[in-house]
Amino acid sequence: HSVVLNQDNSILLVGCDGVIQAWDMTKGKMITSWTAFNSPITSLAFSEDGTRIAAGSSSGFIKVWDLGQ
């Protein structure tokens, strides 16, 4: 499992069993979720400028998503 907040603490990412959930911390509601891997997520991070998300899995793979697209 992995958890990370963005820089202004408004978005929380939770990674569990290959699925990433994005939560709006100001509203207390889930924004979206998606399957990222077929293996457990071991790490999550926002880029410093908040425009990308990176996730790593127990299988050794890393994926990066551009939030602007």
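User: Leaving aside neighbours within four places in sequence, which residues is Thr32 in contact with?
Analyst: Thr32 is in contact with Ile20, Gln21 and Ala22, where contact means heavy atoms within 4.5 Å. This is a predicted model, so local features need pLDDT of at least 70 and side-chain atom pairs count only at pLDDT 80 or more, while totals for chains, interfaces and linings use all residues. Residues are numbered from 1 along each chain as its sequence is written, and side-chain values use heavy atoms, with hydrogens and water left out.

User: Which strand is Thr32 in?
Analyst: Thr32 is found in β4. Strands (E, at least two residues) are DSSP runs, numbered from the N terminus.

User: Buried or exposed, or in between?
Analyst: Thr32 is partly exposed, at 35% relative accessible area. Buried means under 20%, exposed over 50%, and partly exposed in between, using a 1.4 Å probe and protein chains only.

User: How far apart are Thr32 and Leu13?
Analyst: In sequence, Thr32 and Leu13 are 19 residues apart; in space, the C-alpha to C-alpha distance is 9.9 Å.

User: Back to β4. How many bridges join β3 to β4?
Analyst: Six bridges join them, and the two strands run antiparallel. Two strands pair if DSSP finds at least two bridges between them. As one example, Gln21 has Ser33 in β4 as its bridge partner.

User: What order do the strands of the open sheet come in?
Analyst: The order is β1-β2-β3-β4, with antiparallel pairing. At the edges are β1 (2-5) and β4, each pairing on one side only.

User: New topic. Which residues make up the largest nonpolar core?
Analyst: That core has 11 residues, among them Val4, Leu13, Ile20, Phe37, Leu44 and Phe46. A nonpolar core is a set of buried Ala, Val, Leu, Ile, Met, Phe, Trp, Tyr and Cys residues joined through side-chain atoms within 4.5 Å.

User: Which strand gives the largest share of this core?
Analyst: β5 does, with three residues. At least two residues each come from β3 (19-24), β5 (41-46) and β6 (52-57).

User: And what does Leu44 touch?
Analyst: Not counting residues up to four places away in sequence, Leu44 touches several residues, including Val4, Leu13, Ile20 and Ala55.

User: Where is Ser39?
Analyst: Ser39 sits in the loop between β4 (29-35) and β5. Ser39 counts as buried because its relative accessibility is 14%.

User: Which side chains does the Ser39 side chain make polar contacts with?
Analyst: The side chain of Ser39 makes a polar contact of 3.4 Å with that of Ser57, and one of 3.1 Å with that of Ser59. A polar contact is a pair of N or O atoms within 3.5 Å; within protein, one must be able to donate a hydrogen and the other to accept it, and residues adjacent in sequence count only if both atoms are side-chain atoms.

Note on methods:
Helices (H or I, at least four residues) and strands (E, at least two) are DSSP runs, numbered from the N terminus.
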